[in-house]
Amino acid sequence: MLSISGLSKTYEARGGGKTLALTELDLMVRRSEFISVVGPSGCGKSTLLKILAGILPRSTGEIELAGELLTGPSRHIGLVFQAPLLLPWLTVKENILVPAKIQRLDLVAAAKRADELIEMVGLGAFARSYPKELSGGMQQRVGICRALIHDPDFLLMDEPFGALDAMTRETMNAELQRIWSLSGKTVMLITHSIPEAVYLADRVIVMTPRPGRIVDDIAIDLPRPRDLAMHSNPQFGEYVMRIRRHFNSEGSLDA
Amino acid sequence: MTRPSTKHLAAAAQQIALLAVVLGVWEASVRIFDVPAIVLPSPISIFEQLVKLLGSALFYRHIWVTLSEILGGFVLGSAAGILLGTAIGLSRVLARLLFPYVIAFETMPKVAIAPIIVIWAGYGTGSKVIIAALIVFFPLLANTVMGLRSAPREEIEMLRAFTATRWQIFRMAQLKHALPHIFTGLDIAIVLSVIGAIVGEFVGAKAGLGYLILQNNFNFNIAGSFAVLFVLSGIGIVLHWIVSAVHERVVFWVDSAPALSRN
Ligand SMILES: Nc1ncnc2c1ncn2[C@@H]1O[C@H](COP(=O)(O)OP(=O)(O)O)[C@@H](O)[C@H]1O
Ligand SMILES: [Mg+2]
């Protein structure tokens with residue numbers, strides 16, 4: 001589904017300073033796999049995601065997505081950002097339809113799909129509301145619907161629940177798991193919460209601080225569907241500990 | 001929103017009360033100190049002049065002349081400012097090329113240009129439309145440039161990630177972000193356009209409210225001048241209200257309305 005080889009990224013500041021944000025990054029992701037990427041702040045997680053989304057040029061390396069070399073933004077990708085980034089002059093439903101409009105999809109079919117997505121995330125009563133009438137968690141759910149409207153094979157998420165309180169976050173995790181298991185999409189979730197990463201993923205990719213590279217790639221062998229009780233499962237705890245050990249020496253990671 | 005609430009009504013009542021007090025003090029002072037009408041006419045004599053003006057058919061022709069100058073200058077200057085502002089706002093190359101000239105043009109006092117415009121375009125309404133347009137042009141240009149640049153980078157990246165073209169990004173985000181700024185510009189422009197039209201008429205005209213003020217002054221009918229002035233400011237207020245109302249309706253997603261439009 002996705003194959004990254006030899007990827008690196010150097011930011012060049014206007015003053016001539018250079019920041020090596022990513023280096024020698026290789027990664028293979030299989031179809032329908034749920035991958036979490038964890039790492040401390042500033043290790044290049046967002047950089048990786050922006051490169052995959054085609055909105056940031058890479059310095060070296062090759063990326064193949066769904067059998068094609070990646071050269072720019074792709075219709076195969078649906079992106080969820082840390083902030084909801086909804087357009088304030090559009091209703092919930094209109095916001096969800098933005099990618100469909102951009103990609104000139106059949107709007108009748110897309111509108112029907114939008115209604116289904118809105119129902120799925122439990123916002124049925126808010127289809128005609130404007131973003132400012134919604135809470136942060138509700139807005140983030142709209143952002144997830146928007147990322148799914150064009151039925152992308154690959155869902156990319158950059159700390160989508162970072163701004164949410166713990167309870168909303170748990171609900172959203174459960175919802176995301178459900179969406180993923182129903183749709184069979186490939187998902188890459190960037191997070192700095194280790195328990196969240198383990199709870200949701202088939203595989204957790206651990207990144208080191210600058211320059212970002214992959215130091216561990218852990219298959220999470222826990223039964224599905226997972227519920228909140230999973231957090232007290234001893235095997236779950238072992239995965240969390242194993243990942244946490246990577247950061248004790250190299251910097252802290254809030255969980 | 002312009003929904004009349006008790007709060008709004010109370011504010012209006014206070015404003016009217018203030019007007020009554022000011023007029024009362026004015027009338028009383030003129031009488032007590034016996035101020036000559038040529039220096040400061042009393043409110044009552046101004047009111048009499050106003051009634052006389054409103055009763056004459058010719059007055060409405062003057063209103064129409066000035067109103068068409070104001071609206072013509074407003075539309076022409078705004079359109080030019082928005083168009084050039086869009087070009088400059090979207091293209092760094094054009095911005096670098098044109099900005100020095102735009103600034104140079106803006107620092108030129110339009111009042112000083114007005115006589116030249118009248119020589120070029122004549123004593124009719126055309127020259128006034130041009131003068132008003134020249135004054136209106138810059139606020140719209142500046143606000144359009146600023147507005148287009150105010151679109152958050154993350155939002156543009158979001159649209160790009162969903163494969164939006166440059167044109168789609170312009171239409172779906174940048175233009176929308178520019179609208180509140182453009183309307184702020186229009187709020188200012190409609191008032192400036194009134195000034196432009198009157199400046200033009202002062203330089204040389206055969207009709208219009210500015211022309212009428214000059215005529216009254218020559219005849220030492222200061223009360224008449226004041227009466228025209230009040231009509232003029234009434235026109236300005238109504239036009240400003242219209243622009244503000246459209247503003248609030250179009251830019252509905254921004255909470256705070258422009259400070260001046262609240263009454
Ligand atoms: N536009 C940029 N210009 C220069 N340096 C940047 C830019 N964006 C990010 N960086 C740097 O690259 C590194 C990785 O950033 P980022 O990918 O945002 O990390 P993360 O998402 O893991 O917190 C950081 O050191 C950051 O300072
Ligand atoms: Mg980040």
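Guide: Chain B of this predicted model contains ten helices and zero strands. Read from the N terminus, its elements therefore run α-α-α-α-α-α-α-α-α-α, each run being assigned by DSSP. The C-alpha trace of chain B spans about 75 × 55 × 30 Å along its principal axes.

Within chain B, one helix pair may be taken up in detail. Helix α3(B) covers residues 57-90 and helix α6(B) covers residues 125-149. Their axes come within 5 Å of each other, and the crossing angle is roughly 35°. In this crossing α3(B) passes α6(B) in the right-handed sense. Sorted by class, the residues in the contact of α3(B) with α6(B) are 17 nonpolar, eleven polar and three charged.

Rolling a probe the size of a water molecule over the atoms shows where empty space is left. The second largest pocket holds about 500 Å³ of space. Two or more residues of its lining come from each of α3, α6, α7 (153-161) and α8 (166-203) of chain B. Of these elements, α8(B) gives the largest share, with five residues. The lining of this pocket comprises 20 residues, and B:R92, B:I156, B:R166, B:I169 and B:Q174 lie nearest the pocket centre. By class, the lining has ten nonpolar, four polar and six charged residues.

Between α7 and α8 of chain B there is a loop, and B:T163 is found in it. Most residues other than glycine have a negative phi, and most peptide bonds are trans. B:T163 is not a glycine, yet its phi is positive, at about 70°.

The view may now be widened to the contact with the partner chain. Here 18 residues of chain B are in contact with 25 residues of chain A. The size of an interface is often given as the accessible area lost when the parts come together. Between chain B and chain A, the buried area is about 2000 Å², and carbon and sulfur atoms give 68% of it. On the side of chain B, the residues B:M158, B:F162 and B:M172 supply 32% of the area that this chain buries against chain A, more than any other three residues.

In chain A, a cis peptide bond joins A:R224 and A:P225, with omega about -5°. A:P225 is placed in the loop between β10 (214-219) and α8 (234-250) of chain A.

Definitions and conventions. Residues numbered from 1 in each chain as written. Chains lettered and ligands numbered in written order. Predicted model: local features only at pLDDT ≥ 70, side-chain atom pairs only at ≥ 80, totals over all residues. Heavy atoms only, no water. Axes fitted to C-alpha atoms, helices over the stretch in contact; angles between N-to-C directions. Helix = DSSP H or I, 4+ residues; strand = E, 2+ residues; numbered from the N terminus. Left-handed = near helix turned anticlockwise from the far one by under 90°. Nonpolar A, V, L, I, M, F, W, Y, C, P; charged D, E, K, R; others polar. 1 Å grid on protein atoms, 1.4 Å probe; cavity = no way out; pocket = protein on both sides within 12 Å on 5 of 7 lines; lining within 4 Å. Points joined across faces, edges and corners; volume = space filled by probe spheres on them. Contact = heavy atoms within 4.5 Å. Buried area = accessible area lost by both parts, 1.4 Å probe.
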